[in-house]
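Look at the model first, then read on.

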Amino acid sequence: MLIQPNTQDFAARTLALADTDIVPWQHRSLGTATVLTAPDTPVIALPDGHGAIIGRLFSPPPSATEIQSPPPTLISSLRRDGVVALATAAWGSYIAILSQGDRLDVARDPSGALPCLYGGGPDGLVVASDVRDLLRFAGIAPSIDYDYLATQLYHQDLRSEHTGLCGIKELLPGVCLQSRGMSRTHMPFWSPYPFMVRGHTTTFLDQAERLKVAIQSSVGALASGYDKFLLSLSGGLDSSVIAAALHDQGLKPRAVTFATRDSEGDERPYAREVAHHLSLELDEIIYDYKAVDIRQSVSKHLPRPIGYAFSQPNSSHKRQLAAVHGIKALIGGIGGDNVFGYSPSATPLVDRFRCQGLTPGLWHTLEDICQLTRASYGDVIAAAVRRHFRTDQGYQWPVSDRFLAPNFRPVPPKQWHPWLEAPEGTLPGKAVHVGLIVRAQLLLDGFEHQTLDQLNPLLAQPVMEVSLAIPSWFGCAGGLNRAPVRAAFAGALPDAIIKRRSKGGPRSLANEVLMAGRREASDILSRGYLAGNGVIDGGLVRAILEGRQPIAAADQLRCLSLLEAEAWAAHWS
């Protein structure tokens, strides 16, 4: 936590609170500001009071060794170029705080591995990783921003600096907060677009090998310092890749897989095959919809609602396993689909045409897309032509006004996230790729960090940078999604995993949860905080939930999302 006071009263009050708090805060001074960290939090102090890096820092792959003390070259670069130098010369899971004369810079690493929230007024600024600490130290009474909640629901969980609590903002990954007195501005110091290359000269296998090195290095670096892990192993490609990378590092986690009673959400055969191949202990858990309480929020520790109530059994079982086996870190393949650019669309065909023109390779990409999507040649070509002539270069964020109040007025998504502003000349497939990575940021806050450290190696900066440089048409090579990572780990995982096309999901669990509590859900949503504050149309929700017609799968998930937002609002009210 960082405290930057503008008045003596603010300084005295916050520091007195730190001295009497149940957390034995470690104090570090940076000019007039104070950095407070828990005793077990790694901190790299920069010389001459220039700043501190909270978290872990690593050298670039392939070495990816932990930096305990920054070398003189990095120190001088930080003094000259600020946080931009940090993203160029290193990577990690960190919050960097730099004292730049009368200005204080706070930067969150591009992967967003550590939470970073801030708030305050004319008296001072507080930056914290936990919203409850931030509210206490900044002296802010919780107050819900219902206009924001409606906008978030419309944009289907697009991350932004805004949150559902008035006066609380989030520092987005790859962004630096510059604070000087009462003036606070944002400066993106990392962007995905510079890593995209139009004139590709490397082969598919070269790109696959670079990706493998980045993944193995990132997994090894982030896993160092832990002796026990709990691996979330679905049996899908992404979690299996993490298992193989850990095995390559000589690390053997305990694995857990979850299954629904319905076959669609039962991936245990795949998880068993990976566990057997890598000699892992595997716990298998069947979801029980009766263990879900739709009145309890899974995101009550956050400044905005995310997720669904049906993830409650997943979280509780993982905590129990971690407690029994003395495990401190959870690791998995979160964000893999996004970082690897999994998008079954015609955009790779557009990208290849714009880069190479009418070449034989264009025909191969057309065949790959048709095989991947099961669409006809004519349909794919028509979609590619429409996308080629579209004037908007960026990613079109999916939106939905389903169940929102009739008078809701949306805000354009480009005003929410700096990465969605695609520069002129950005290839359509790579714009989609960036949109997918932005969407992955929604997945960062699943666990409370006080409970288990959550390691997401596939969202690490080196993996993102290498993935962004891979041509989109390589991503569907051979008619397989995420083709480069499949090729990269072809010798490390069973063929059934490398060639797997199906994907499981908790749709049947969502159905069980909602159908079991259909009447209760109707009562909660039609009479709750969201309806009462003009966010949703309570009458429409009641009509759907209490109607005799089957509820469409999309409406089921939408209602469960609204229930989470309602439970979150009830917690903070």
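Cys559 is buried, because its relative accessible area is 0%. Buried means under 20% relative accessible area, exposed means over 50%, and partly exposed lies in between (1.4 Å probe, protein chains only).

This is a predicted model: local features need pLDDT of at least 70, side-chain atom pairs count only at pLDDT 80 or more, and totals for chains, interfaces and linings use all residues. Residues are numbered from 1 along each chain as its sequence is written, and side-chain values use heavy atoms, without hydrogens and water.

| Residue | Relative accessible area | Class |
|---|---|---|
| Cys559 | 0% | buried |
| Cys166 | 34% | partly exposed |
| Tyr377 | 37% | partly exposed |

**Cysteines**

How many disulfides does a search of the whole structure find? The search finds 0 (a disulfide is a pair of cysteine sulfur atoms within 2.5 Å). For Cys166, the nearest cysteine sulfur is that of Cys116, 20 Å away.

Cys166 sits in the loop between helix H5 (146–154) and strand S10 (168–170). Helices (H or I, at least four residues) and strands (E, at least two) are DSSP runs, numbered from the N terminus. Beyond its neighbours within four places in sequence, Cys166 contacts Ile140, Ser143, Ile144 and Asp145; contact means heavy atoms within 4.5 Å. Pro303 is 137 residues from Cys166 in sequence, and their C-alpha atoms are 9.4 Å apart.

**Helix H13**

Tyr377 is found in helix H13.
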